[in-house]
Structure formats: C-alpha cells, structure tokens
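User: I would like to learn how to read a protein model feature by feature. Could you walk me through this one?

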Amino acid sequence: MKPYWIFDFDGTLVQSKDLAVQIFNELSQKHGGRLIKDEEIATLAAMSIPDRLKALKVPMYKLPALLVEGRIEYKKALLSLEPVAGIQHALHQLKAKGCKLGIISSNSVENIRLFIDHHGLQDFDFIHSASNLFGKHKAIIRLAKKHSLHVSDILYIGDELRDIEACHQINVAVVAAAWGWDSPELLESAAPDFICHSPLELSTLMSQRT
C-alpha cells in the first residue's frame, strides 16, 4: 500500500511563525504573560511548550483560552500567509506517486480550508482538527479507524516536539520538519524516524517510502 502522508499545518505547510509571535504578543499580557523579544525567538524554539510558557510567564492553565483567542486573530491575517517554500512541489510529487495526503492540526478545519483553497493546494484527501493541543495521537488513531488504516500505513510530518511525542505514543513513523517552529536540536532530541531540513528532502524520503 502507498503510505498515507499526514502533515501538520502551521510551520510545516504554512509560514506562520512571525504571525504566531505577533498574535502572542498581542494577547499574552492579557493573560499575565510578557512579550516575546525578537532576539529570544531562537532560544524559545529550543524549548518545549511548557518550558516556553514558563519563560514567558504564562500559566499552563491559561493556554486553552489563549489558543481560542489566537485562532480568531489568526483567521483575520490568514490570507496574508504563504506556503512554506518548496512544499507545493513536494506535495505534487507525492500525489503523482499515488500517495494519499492529509492534514491533522490543532488549528481549525475552517482556517486550514481557507488557506489551502486560497493557494490552490488541492492535493489533500482529508483534513482533521485535533482540538486538544497535546491530543494529536488520539486524532491520528481516529483518522486511522475512519479510513481503515493500520498505523504502519501512516507517515506523519510535523515541526514540533509534541508531534514526535504523539507519534511515538502510537508507533506511527514521524518525519521532523526542521524548517518550522521548533529547533532542529530539539526535534532531534526526541528521536524522530526521519528529519528533513527542507521540503526538497521530502523527495528523497518519498523514493525510499513509496
């Protein structure tokens, strides 16, 4: 069987890091946090989400509210965002090889559809939202059951530590996308099955997996 390549959205498919920082800075002080300084973005990218929130003085219990408000602001700026350079070509190659493509993200399905329709990214066979920021493993299991897949049929591509940890929980092969939010060093520390530093490297991986 051709593998199902399932992608994260923010940071993996769309260049949204700058917008994420902007929105956080607009909302954080309301929730007791502080602003992110430009010079500390790389340092924060090497931290887990709990450690990042601690450094920014945002209590973990306030994260759900911050995410809800953030998605509202995100939608307002969504159509100003661009796909990650080279990702469209990689997606077209995978589709041409007969692979099924999907998205599982903690972003909303509405936001994702608006973006992919705006940019003509019509290669995806399905889109699912993982409403719980740390519940992506459950979303993958639900998707597998819905499409009668075994986890060995799935290859997940994500740019965050939590993506790798979620896949390890359910024995799903995972590609660390080192061009996104979390630093390559943080991603490597979680021992992904593969690590790609650009969408171009997905082409090499594709030849090995299809």
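This is a predicted model: local features need pLDDT of at least 70, side-chain atom pairs count only at pLDDT 80 or more; totals for chains, interfaces and linings use all residues.

User: Let's start with packing. Which residues does Leu202 touch, not counting residues up to four places away in sequence?

Analyst: In soluble globular proteins, nonpolar side chains tend to be buried together. Here, Leu202 touches Trp5, Phe7, Ile87, Ala90, Val175, Trp179 and Cys196, with residues up to four places away in sequence left out. Leu202 also belongs to the largest nonpolar core, which has 47 residues; together with Trp5, Phe7 and Phe124, Leu202 touches the most other members. Helix α1 (residues 17-27) gives the most to this core, contributing five residues.

User: What lies apart from that core?

Analyst: Another core, of 23 residues, lies apart from it; Ile104, Ala130, Leu143 and Leu161 are among its members.

User: Now the sheet. In what order do the strands run, and what is the pairing?

Analyst: The general idea comes first: strands of a sheet pair through backbone hydrogen bonds, either parallel or antiparallel. In this structure six strands form an open sheet in the order β3-β2-β1-β4-β5-β6, and the pairing is parallel. The edges are β3 (126-129) and β6 (194-196); each has a single partner strand, so one side of each is left without a neighbour in the sheet. On average, neighbouring strands of this sheet are turned by 25° against each other, direction ignored.

User: How many bridges link β2 and β3?

Analyst: Strand β2 (residues 100-105) pairs with β3 in the parallel sense over four bridges. Within that pairing, Ser129 of β3 is the bridge partner of Ser105, and Ile103 stands opposite Ile127 in β3. Strand β1 (residues 4-7) also pairs with β2 in the parallel sense, over four bridges. There, Phe7 has Ile103 of β2 as its bridge partner.

User: Why is β2 described as largely enclosed by the rest of the structure?

Analyst: Look at burial, where the cut-off is under 20% relative accessible area. Five of the six residues of β2 are buried, so this strand is largely enclosed by the rest of the structure.

User: Let's take a single loop residue. Is Ser183 buried or exposed?

Analyst: Ser183 is found in the loop between β5 (173-177) and α9 (184-189). Its relative accessibility is 9%, so Ser183 counts as buried. A polar atom of the Ser183 side chain lies 3.1 Å from the backbone nitrogen of Leu186. Leaving aside neighbours within four places in sequence, Ser183 is in contact with Ala45 and Ala46.

User: Finally, what radius of gyration does the protein chain have?

Analyst: The protein chain has 17 Å; with 210 residues a compact globule would have a radius of gyration near 17 Å, so the value agrees. The C-alpha trace spans about 50 × 35 × 30 Å along its principal axes. There are ten helices and six strands in the protein chain, and buried residues make up 52% of the 210 residues. Among contacts between residues at least 6 apart in sequence, 63% join residues at least 24 apart.

Notes:
Residues are numbered from 1 along each chain as its sequence is written. Side-chain values use heavy atoms; hydrogens and water are left out. A nonpolar core is a set of buried Ala, Val, Leu, Ile, Met, Phe, Trp, Tyr and Cys residues joined through side-chain atoms within 4.5 Å. Buried means under 20% relative accessible area, exposed over 50%, partly exposed in between (1.4 Å probe, protein chains only). Helices (H or I, at least four residues) and strands (E, at least two) are DSSP runs, numbered from the N terminus. Contact means heavy atoms within 4.5 Å. A polar contact is a pair of N or O atoms within 3.5 Å; within protein, one must be able to donate a hydrogen and the other to accept it, and residues adjacent in sequence count only if both atoms are side-chain atoms. Two strands pair if DSSP finds at least two bridges between them. Axes are lines fitted to C-alpha atoms, for helices over the stretch in contact, and angles run from 0 to 180 degrees between N-to-C directions. The radius of gyration is taken over C-alpha atoms; the globule rule is 2.2 Å times the number of residues to the power 0.38.
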